[in-house]
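The entries follow in the order in which I made them.

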Amino acid sequence: MTSHDISRRSVLRAAAVLGLAAPGLAACVTAGNNGGQSSSSGDKSATNPFGVKADAPLEVVVFKGAYGDDYVIAAEGVYKKQFGGAVIDHKGIQKVGDTLRPRFVAGSPPDVVNNTGAGRLDIAALNQSQQLENLDELLDAPSWDDPDVKLRDTLLPGVVEDGTYDGSFVRFNYAYTAWGLWYSKPLFEKNGWMWPQTWQEMLELCEDIKKTGIAPWTYQGKFPEYMTDPLLVMAVRGGGMDLLKSIDNLQPNAWRHESVKAAAEAIAELSGKGYLMQGSEALSHTEAQAAWCQGKAAIIPSGSWLEAEQKSVTPAGFDMVMGAVPSLGGSRLKNNAIHAASSEAYLVPSQGKNVQGGLEFLRMLFSRNAMKDFAKSVGTLPSVKGATDGITMSPALSSVSEAVRKAGDDTINYRHRIWYPTLTKAVDDSVAELVTRRITPAEWVDRVQKAADDLAKDTSIKKYERK
Amino acid sequence: MSVLTRPVERAAAPAPPAPSKRRKRNRGYGFVIGALAPALVLHVIFVVSPYAQAFYLSLTDWNGVAGKANFVGFDNFERLAGDSLFLDAIKNNLLLLLLMPAATIAIGLFLATMIQRGGSDGRSGVRGARFYEIVFFFPQLLSVAIVAVLWGFAYNPNNGLINGVLRAIGLDGLARSWLAEPSLALFAVMAVMVWSGVGFYMVLFSAAIDGIPREIYEAALIDGASGWTTFWRITLPLLRDNVQVAFVYLGMVALDAFALVQIMTVGPGGPDGATEVMGLSLYRTAFEYGKFGYASAMGVALFFGTLVFALVALRGNKNRTELA
């Protein structure tokens with residue numbers, strides 16, 4: 001086709017038609033009603049605290065990833081036993097966001113959503129658009145196992161805080177994730193290596209490891225956030241919860257705290273001394289973790305999902321365990337303080353047709369039995385206390401469980417990484433530059449502080465406050 | 001009387017066939033409309049309407065899940081101008097636009113010429129031309145996701161194919177962390193784009209060269225023209241239209257590049273924005289940051305960028321060379 005085929009007039013005519021049609025067509029994307037239908041309810045009682053209508057259908061949509069959806073289906077069995085007439089529509093899917101976004105916009109979401117995985121929905125945006133039910137009522141309801149104990153009191157520390165957006169608790173996390181540094185226990189025992197408590201000991205250990213021809217550390221260079229984690233843990237241990245708060249609240253010069261710079265220097269030192277496996281900066285998580293499982297590197301930063309993720313490539317007798325990040329000295333928190341947070345977000349959409357049923361279903365899903373099944377089948381810590389009591393755990397899961405127990409209330413959880421994804425990206429991009437030593441620790445601090453300042457000034461981004 | 005009646009009779013006489021004729025003509029239109037309507041309706045619903053919606057959304061602050069969007073005027077476009085990551089993306093897309101189509105077309109032309117006229121006599125292709133034609137076309141059969149994953153493996157600094165080959169032939173010094181060095185990463189991505197595109201354009205150009213009358217080459221060879229001269233004076237001028245179309249297509253690929261960057265690169269879009277492209281910024285803004293309004297503004301900017309490019313690229317079509 002040549003440009004002569006299209007006359008100027010025909011282009012104009014087409015443009016005019018487009019211009020006329022545009023407002024009409026454009027209207028359809030946001031034409032959903034936001035009023036929502038009030039969901040029908042039955043009578044409340046001690047065993048039915050939300051007043052679920054027994055014959056109301058319930059739609060449950062779950063992300064079907066590494067954890068599967070068997071534990072959800074089991075809980076649906078319990079729900080059906082309780083409410084004989086209820087028909088449950090269960091969907092185990094991958095792309096939660098793509099599937100449910102139009103339904104939220106149209107005002108007809110399902111009753112329960114597990115919003116997890118790549119391409120999940122933005123919970124902050126959902127909350128701002130009044131699409132989510134406040135779950136306070138659920139927290140204050142009696143727990144499934146013991147009517148005298150509120151559901152709120154069965155949870156691990158941080159679960160309520162993690163699920164609170166803008167003062168309302170809308171996100172109920174099912175799993176509990178702890179972050180740390182991972183190593184093969186038999187490898188360390190064979191060489192007589194002890195897990196270091198201080199950074200000085202870590203550097204000495206790295207020297208010893210290097211002598212055996214193994215790279216002391218590797219990391220998932222393609223996704224630099226893995227390396228951000230030990231850095232932030234060391235920084236917050238030194239600066240305490242006050243530092244964490246000032247960082248989360250975007251206070252001026254929060255990142256210029258001396259312990260942040262010290263942590264950046266420590267991370268830069270690792271690569272400066274040649275303790276990182278060569279080429280790590282270009283490896284994906286699968287590649288770096290595979291190299292680590294093959295014994296090419298001794299230590300790797302990751303979270304408690306690592307065992308499940310590596311299942312198919314871990315050699316027998318590798319027995320991975322998680323160690324806490326060592327302290328830089330002058331720690332204001334326990335030396336055992338770790339980064340831990342809850343994950344696997346469950347939501348009850350406020351425009352669902354059976355909101356009461358959704359709440360009641362979550363009460364069943366967060367029962368001790370369901371949690372125990374979950375811990376047993378997927379090898380992950382659930383977000384209620386004592387769920388792993390009395391079950392045989394793998395070395396990995398018991399090391400995570402032990403680390404969470406030792407940390408007690410000193411768990412570190414950064415809110416800014418959830419609230420401000422643009423800051424998160426700026427921090428992680430800079431960490432990659434720091435680890436590859438293209439920028440110095442001082443430049444790293446400058447860059448991150450500037451990103452935080454720019455964000456604080458940006459009026460188009462909603463700000464939150466950590467109290 | 002007769003004067004009056006005749007015209008009436010005349011008018012009356014041909015009258016009967018008229019309705020049927022009209023009906024026939026209407027049937028003709030009916031067929032055309034019937035044939036076009038389904039396609040047109042689909043086009044309006046799935047192409048025109050999303051475009052229109054994107055234009056409208058680019059003027060709002062829609063977050064992707066709300067039932068309503070607030071009108072914010074041109075705020076999103078003003079923000080775009082100050083968004084350093086997006087400006088990086090534009091720079092990278094322009095660099096791709098500058099180099100990738102030219103490299104792909106040059107290599108494609110070279111291979112096509114070799115396949116059609118590369119033999120020692122200058123009249124036929126190199127030995128095994130058919131084989132090369134098929135082999136070079138292979139990448140075209142792979143989906144872009146597979147291409148990205150395979151090249152991701154090849155670029156692995158420790159056990160990847162490229163560093164492996166370099167080390168095997170003793171060039172250890174040239175082994176690099178291809179996708180993790182800011183100065184190399186974009187070129188590493190570009191190389192993959194050229195690799196995966198070259199086969200298609202080779203086939204396109206090869207078919208076009210095949211269509212050039214052989215006598216022209218014969219005459220030139222008899223006059224003592226070298227292979228180089230016949231390429232510049234005969235092949236290239238007569239392939240002008242094909243090259244131009246190839247340039248438009250490749251330009252659009254260069255302005256996109258989303259899939260390769262998303263799958264292959266560090267970050268993705270890194271290291272430190274070195275491989276950021278507009279499509280990736282758009283995707284991240286919409287699906288990770290939940291700012292669909294702002295992302296639509298990026299999409300609209302990309303739309304106009306591509307449109308301007310296509311118009312400029314097609315303008316050069318005026319002085320075309322026709323076969324006599």
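**Entry 1: a pair within one helix**

I looked up Lys261(A) and found that it forms a salt bridge with Glu265(A), the closest N and O atoms being 3.9 Å apart. I count a salt bridge when a side-chain nitrogen of Lys or Arg is within 4 Å of a carboxyl oxygen of Asp or Glu. Lys261(A) and Glu265(A) are four residues apart in helix 10 (residues 258-272) of chain A, so about one helical turn separates them. Helices here are DSSP runs of H or I with at least four residues, strands are runs of E with at least two, and both are numbered from the N terminus. Lys261(A) is partly exposed at 34% relative accessibility, and Glu265(A) is partly exposed at 38%. The classes are buried under 20% relative accessible area, exposed over 50% and partly exposed in between, with a 1.4 Å probe and protein chains only.

Notes on the model: it is predicted, local features need pLDDT of at least 70, side-chain atom pairs count only at pLDDT 80 or more, and totals for chains, interfaces and linings use all residues. Residues are numbered from 1 along each chain as its sequence is written, chains are lettered from A and ligands numbered from 1 in the order in which they are written, and side-chain values use heavy atoms, with hydrogens and water left out.

**Entry 2: a network in chain A**

I then followed Asp89(A), which forms a salt bridge with Lys91(A) at 3.1 Å between the closest N and O atoms. Asp89(A) is partly exposed at 35% relative accessibility, and Lys91(A) is partly exposed at 30%. Asp89(A) and Lys91(A) belong to a network of salt bridges that also links Glu59(A) and Arg103(A). Over all chains, I have 27 salt bridges by this rule.

**Entry 3: Lys44(A)**

Is Lys44(A) buried or exposed? I have Lys44(A) as exposed, with a relative accessible area of 58%. Lys44(A) sits in the loop between helix 1 (8-26) and strand 1 (58-63) of chain A. Leaving out residues up to four places away in sequence, Lys44(A) touches Pro49(A), Phe50(A), Gly51(A) and Glu137(A); contact means heavy atoms within 4.5 Å. I also took the distance to Asn191(A): Lys44(A) and Asn191(A) are 147 residues apart in sequence and 63 Å apart in space, C-alpha to C-alpha.

**Entry 4: chain B against chain A**

I counted 43 residues of chain B in contact with 42 residues of chain A. The two chains bury about 3,400 Å² between them, 57% of it on carbon and sulfur atoms. Buried area is the accessible area (1.4 Å probe) that two parts lose on being put together, summed over both. In chain B, Val65(B), Asp272(B) and Tyr289(B) lose the most area to chain A, together 19% of what that side buries.

How many salt bridges are there between chain B and chain A? I found two. In one, Arg447(A) pairs with Asp272(B), the closest N and O atoms being 2.7 Å apart. Arg447(A) lies in helix 18 (residues 441-457) of chain A and Asp272(B) in the loop between helix 12 and helix 13 of chain B, so the pair joins two chains. Arg447(A) is partly exposed at 30% relative accessibility, as is Asp272(B) at 29%. Another salt bridge joins the side chains of Asp458(A) and Arg79(B), at 3.1 Å from N to O.

Helix 2 of chain B gives the most, with six residues.

**Entry 5: two domains of chain B**

The domain assignment, automatic or from a database, gives domain 1 (18-57) and domain 2 (75-315) for chain B. I have their centres 37 Å apart, taken over C-alpha atoms. The contact takes four residues from domain 1 and six residues from domain 2. Across the interface of these domains I found zero salt bridges.
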